[in-house]
Amino acid sequence: MNRNTHPAIVTVRPSEPLQILQVETPKPVDNEVKLIVQWTASGPLDHHQASAHLLVTPPQILGDGVAGTILQVGPNVTRYKPGDEVFGFVWRNAKEKAHQLYCVAPENLLGKVPEGKSMQEAVVLGNNFVTVWHVFTNDFEFELPWDRGVEGGAKGKPEGYKPRKNETETEDGRKKWILVWGGSSSCGMYGIQVLKYYGYENIIAVAGSKHHETLKRYGAKECFDYRGGGDVVERVKEFVRKDGGEVSYIFDCIGSQDGSLRPVARIAGADGCRIAILLPVVVKDAAPGIKPEYEMDVTSCADWAKNVTPVGVRTHFWMDNKVLAGTLQTEIMPWALETGVIEPNEQIVVEGHTMLERAQSAMDMLRDKKVSGGRLVWRIAEEGQIAEALKELKQ
Ligand SMILES: NC(=O)c1ccc[n+]([C@@H]2O[C@H](COP(=O)([O-])OP(=O)(O)OC[C@H]3O[C@@H](n4cnc5c(N)ncnc54)[C@H](OP(=O)(O)O)[C@@H]3O)[C@@H](O)[C@H]2O)c1
């Protein structure tokens, strides 16, 4: 193995097979750590980037979910030491990206893999855990207060914490409902679990029926199948009408023009209803021989009522919240995994003889829409590379 370079998975041309590129291995500086990447997760953003070069400058290294062992730390690192097993959401530049043998990232983008949990389980949180926290605090303005706890005390929400009254009830005392469209997506499943933990009870999910039991266990009061025959929009509206309440918050975890935005726009009619839509909006899906089309302006993709606020979400700006920038990935995310506040998505392990084979298989599965209620995970470093790196650590 050349010590100054290492292999990375890159997209070179839209929709073409992924390639391996030897890239320079940087040394960690300041508050950065260098890790050997042992597990990664592939998700829709990797697919959007590889199939359409959405916001990509080729050759672009892919991947934003990482789990591995720290090999080296920069001079200003305070939390971690070589040998620590960490995981997180890394996305900003080539040295941070996940689909490469070594990743160099600032320590605040990583948390420790909790005792009793594996890297394989932890790697599925990253992007989507951060996304739901960002959507709820930034777009819905839910507080989600989180205390470190004192010595021996419990970490988590302050004792007795409840959502504010105006988040759960209208002025005339009717229920405010939160609709999670795409409840069985990775974001949807984390979203519902976080809402339940903080005491939000009025949750409706739209998802395939095989996931309804799980979503109810996570905290959804009622679930609707978007493929279940009839008009799912009418079924949701009827449910809320009978309840006498209104849909006041909508988390569109799918961002499909026809599959979610347009239906959601038919539901969003209550004054001030907030709608957070995960970008990009998929106007046309990628398929073999079909060029995908994306849109970033959510207002132009559906007929929205005048009294509602649809917003396109880009989690890449989550660190604008300086408090969360220091705690979300380092403390809150590992705590949520350790305590069971979040059940990690089911892991679908993608096999292959090489890192490139695994990367390509994962990409093909995403394109062919083979993921339902789970997350694709795969190994980056080979067993021998891990053993060698860990042996050097001990010397
Ligand atoms: N902008 C951002 O900051 C940001 C952050 C994270 C994710 N995203 C985007 O958000 C989207 C979802 O990401 P993810 O990782 O959570 O997805 P995912 O887990 O891969 O989503 C797969 C799920 O989507 C469900 N689904 C597909 N079409 C649907 C529809 N029309 N209505 C309801 N459910 C539908 C399927 O449900 P069933 O199996 O039940 O049929 C499947 O379980 C992606 O486009 C991603 O790029 C954006």
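Visitor: How many disulfides does the count come to?
Guide: Keep in mind that this is a predicted model. A disulfide is a covalent bond between the sulfur atoms of two cysteines. Here a pair counts if the sulfur atoms lie within 2.5 Å. By this rule the total is zero.

Visitor: Which cysteine has the sulfur closest to that of Cys 223, and how far away is it?
Guide: A bond is ruled out for Cys 223, because the distance to the closest cysteine sulfur is too far. That sulfur belongs to Cys 253, and the separation is 13 Å.

Visitor: Is Cys 223 buried or exposed?
Guide: Buried means under 20% relative accessible area. Cys 223 has 8%, so it counts as buried.

Visitor: Which strand holds Val 66?
Guide: Look at residues 65-73. They form the strand that includes Val 66, and its label is β5.

Visitor: Is Val 66 buried or exposed?
Guide: Val 66 has contacts beyond its neighbours within four places in sequence, among them Leu 35, Trp 39, Phe 87 and Cys 103. Cys 103 has 0% relative accessibility and counts as buried. Val 66 is also at 0% relative accessibility, so Val 66 counts as buried.

Visitor: How far apart are the C-alpha atoms of Val 66 and Gln 257?
Guide: Along the chain, 191 residues separate Val 66 from Gln 257.

Visitor: What do the buried residues of α8 pack against?
Guide: Gln 257 is one of the buried residues of α8. Others include Leu 261, Val 264 and Ile 267. The buried residues of this helix pack against β9, α7, β12, β13 and β14.

Visitor: Are α7 and α8 roughly parallel or roughly antiparallel?
Guide: Helix α7 covers residues 232-243, and helix α8 covers residues 257-267. Their axes are 10 Å apart, at an angle of about 30°. Angles under 35 degrees count as roughly parallel. The two helices are therefore roughly parallel.

Visitor: How many charged residues are in the contact of α7 with α8?
Guide: On the α7 side are Val 233, Glu 234, Val 236 and Lys 237, and on the α8 side are Pro 263, Arg 266 and Ile 267. Four of these residues are nonpolar and none is polar. The charged ones number three.

Visitor: How are α3 and α9 placed relative to each other?
Guide: Helix α3 spans residues 126-139, and helix α9 spans residues 322-339. Their axes come within 11 Å and cross at roughly 120°. The crossing is right-handed. With that angle, α3 and α9 are therefore oblique.

Visitor: How many nonpolar residues does the contact of α3 with α9 have?
Guide: Phe 129, Val 130 and Trp 133 are among the α3 residues here, and they face an α9 group including Leu 324, Ile 332 and Met 333. By class, three residues of the contact are polar and none is charged. The nonpolar count is eight.

Visitor: Is His 353 buried or exposed?
Guide: His 353 sits in the loop between β17 and α10. Leaving out residues up to four places away in sequence, His 353 touches Arg 358 and Glu 382. Exposed means over 50% relative accessible area. His 353 has 70% relative accessibility, so His 353 counts as exposed.

Notes. Residues numbered from 1 in each chain as written. Predicted model: local features only at pLDDT ≥ 70, side-chain atom pairs only at ≥ 80, totals over all residues. Heavy atoms only, no water. Axes fitted to C-alpha atoms, helices over the stretch in contact; angles between N-to-C directions. Helix = DSSP H or I, 4+ residues; strand = E, 2+ residues; numbered from the N terminus. Parallel < 35°, antiparallel > 145°, perpendicular 65-115°, else oblique. Contact = heavy atoms within 4.5 Å. Nonpolar A, V, L, I, M, F, W, Y, C, P; charged D, E, K, R; others polar. Buried < 20%, exposed > 50% of the residue type's maximum accessible area, 1.4 Å probe, protein only. Left-handed = near helix turned anticlockwise from the far one by under 90°.
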